[in-house]
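Here is a short briefing to read with the model open beside you. Take it one topic at a time, and look up each residue as you go.

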Amino acid sequence: MGGSADLTGSNLTRVKEAVDFQPPSTGLGTYAGTYIRYGVREHAMGAIMNGLAAYGGIIPFGGTFLDCLHVTLQNFVSYAAGALRLSALSQHQVIWVATHDSIGLGEDGPTHQPVEVAVHLRAIPNLHFWRPADGNETAAAYIVAMKARHTPSVIALSRQNLPNLVNSTVEHAVKGGYVLHDVADGKENLNIVSTGSEIQIAVAAAEILEKEGIKTRIISLPCWEVFDAQPKEYQLEVFRSGSPYLSLEAYSTTGWQKYSHESYGLTAWGASGPFDKVYEKFGLTGSNVAAVAKKVTEFYQKKGGEVISPLLHAI
């Protein structure tokens, strides 16, 4: 049971067969309806979802823009952070559908582009923050969210269309992270680890690099928290030692040091414009990421010595 905070047309959270939860006298729905029109009330929506989950027998969902989950200076000021934090603290199974998840939002500009929100959400204990790269990974996020009886989930989705990726599968994605593209001989020169809409940029960069003789693995990491819960042996199969790891995401790079030796992302607010032009402005293109990756590869080759997995540490 759920709805959207006045963003149904953007979040696409209502299926055609849904009936609105409304007084029958309005002619807009019935009390048997399962779709709720929350209005521009993100915090109230979150509080109601917590109440529904606490009552039991209902898995509530709510849709909004990703930026609205965070306390920011947006032109329809966001309210949801407190309710979302309480979901995690109280172990409520609540599902947030958070669309328009990056600078890919485009023309609405930096007030609506959540470059810092992922850092906040990934830091909240007992919260699954998902950023799927395609339909298979999105299905995996919903499967895990439906099974996570004591953990809320945020499923961050792009505004722009994304292609289904070669080698992505639901079975791999439910682990939170997996090798999307491997090298034939197991002797890669570089690894690119990424999430969401930037995965296709990583794929484009890898194609350029491989033409130049730089063998590149690609790791998709849609949910850090779920991946961290996997057996250590699996984690080290994905993040094996031997070559450097470069993270790629259209967000602040804070936190990526856990999974990479070098990070490429945003160091400032976004910009207003068509999404492809905004990505180009910040160097988030296959050609530029390939140039960055080449520098990383050359640096570690000149540095010499063993390059160990970023997951290997003392504590």
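In the protein chain, residues 24 or more positions apart account for 73% of the contacts with a separation of 6 or more, where contact means heavy atoms within 4.5 Å. This is a predicted model, in which local features need pLDDT of at least 70 and side-chain atom pairs count only at pLDDT 80 or more, while totals for chains, interfaces and linings use all residues. Residues are numbered from 1 along each chain as its sequence is written, and side-chain values use heavy atoms, with hydrogens and water left out.

**The whole chain**
- The protein chain has 11 helices and 11 strands; these are DSSP runs numbered from the N terminus, with H or I over at least four residues for helices and E over at least two for strands.
- Its radius of gyration is 20 Å, which agrees with the value near 20 Å for a compact globule of 315 residues (taken over C-alpha atoms, with a globule rule of 2.2 Å times the number of residues to the power 0.38).
- Along the principal axes, the C-alpha trace spans about 75 × 40 × 30 Å.
- Of the 315 residues, 54% count as buried (under 20% relative accessible area; exposed is over 50% and partly exposed in between, with a 1.4 Å probe and protein chains only).

**Threonine 13**
- You can find threonine 13 in the loop between α1 (8-11) and β2 (35-37).
- Threonine 13 is buried because its relative accessible area is 13%.

**Asparagine 50**
- Asparagine 50 sits in helix α2 (residues 42-55), and it counts as buried because its relative accessibility is 5%.
- Its side chain reaches the backbone oxygen of alanine 83 at 3.0 Å.
- Leaving aside residues up to four places away in sequence, asparagine 50 touches Ala83, Leu86, Ser87, His92 and Val94.

**Glutamate 249**
- Look for glutamate 249 in strand β10 (residues 245-252); at 2% relative accessibility, this residue counts as buried.
- Its side chain makes a polar contact of 2.9 Å with the side chain of arginine 122.
- Beyond residues up to four places away in sequence, glutamate 249 touches several others, including Arg131, Trp256 and Tyr264.

Technical notes:
A polar contact is a pair of N or O atoms within 3.5 Å; within protein, one must be able to donate a hydrogen and the other to accept it, and residues adjacent in sequence count only if both atoms are side-chain atoms.
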